[in-house]
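Please look over the sequence and the model first.

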Amino acid sequence: MTNNKLTTRELVELSLFSALIALSIQFFRIPVGPQFIHFGNALVVVATLIYGVRKGALVATVGLGVFDILNGYASVVWITILEALVVILVVHFVYKAMPK
């Protein structure tokens, strides 16, 4: 049986990466009409590749969710989290399908 508890170091790393996602969306966005392009999903992919599926999903949901809630997109935060989870699953399956 494996121990699934997070150490303090892992918790701090995951929290900092979540904050990096939220801040990168906040400050590094490219306005395109009423919408904007951001680096949040790219950082979600990086988090998934670094930390794995479960921890990457945790980082993505916290980082993207915090940004949405603090910037007036609370009504669509569930769509953002669902989109991030789909991206994480696609990255996971592509990574597993790659030859070693």
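## Aromatic pairs

The structure holds three aromatic pairs. Rings of Phe, Tyr and Trp (its six-membered ring) pair if their centres lie within 6.5 Å. Planes under 30 degrees apart count as stacked, over 60 as edge-to-face and the rest as tilted. The ring centres of F36 and F67 are 6.2 Å apart and their planes stand at 80 degrees, so this pair is edge-to-face. It links distant parts of the chain: F36 lies in strand β2 (residues 35-37) and F67 in helix α3, 31 residues apart. Helices (H or I, at least four residues) and strands (E, at least two) are DSSP runs, numbered from the N terminus.

F67 also pairs with Y73. That pair is stacked, at 6.2 Å centre to centre and 25 degrees between the planes. F36, F67 and Y73 form one aromatic cluster. Buried or partly exposed: what is F67, and what is Y73? F67 is buried, at 5% relative accessible area. Y73 is partly exposed, at 33%. Buried means under 20% relative accessible area, exposed over 50%, partly exposed in between (1.4 Å probe, protein chains only).

## Basis of the model

This is a predicted model: local features need pLDDT of at least 70, side-chain atom pairs count only at pLDDT 80 or more, and totals for chains, interfaces and linings use all residues. Residues are numbered from 1 along each chain as its sequence is written, and side-chain values use heavy atoms, with hydrogens and water left out.

## Helix α1 against helix α3

Helix α1 (residues 8-27) packs on helix α3 (residues 53-70) at about 40 degrees, with the axes 8 Å apart. That makes α1 oblique to α3. Angles under 35 degrees count as roughly parallel, over 145 as roughly antiparallel, 65 to 115 as roughly perpendicular and the rest as oblique. Axes are lines fitted to C-alpha atoms, for helices over the stretch in contact, and angles run from 0 to 180 degrees between N-to-C directions.

Which residues of α1 and α3 meet? On α1 they include L14, F17, I21 and I25; on α3 they include L58, V59, V62 and F67. Contact means heavy atoms within 4.5 Å. The residues of this contact divide into ten nonpolar, three polar and two charged. Ala, Val, Leu, Ile, Met, Phe, Trp, Tyr, Cys and Pro count as nonpolar, Asp, Glu, Lys and Arg as charged, and the others, Gly among them, as polar.

## L49

L49 sits in helix α2 (residues 40-51). At 51% relative accessibility, L49 counts as exposed. L49 touches V91 and Y95, not counting residues up to four places away in sequence. The C-alpha atoms of L49 and H92 are 8.1 Å apart, across 43 residues of chain.
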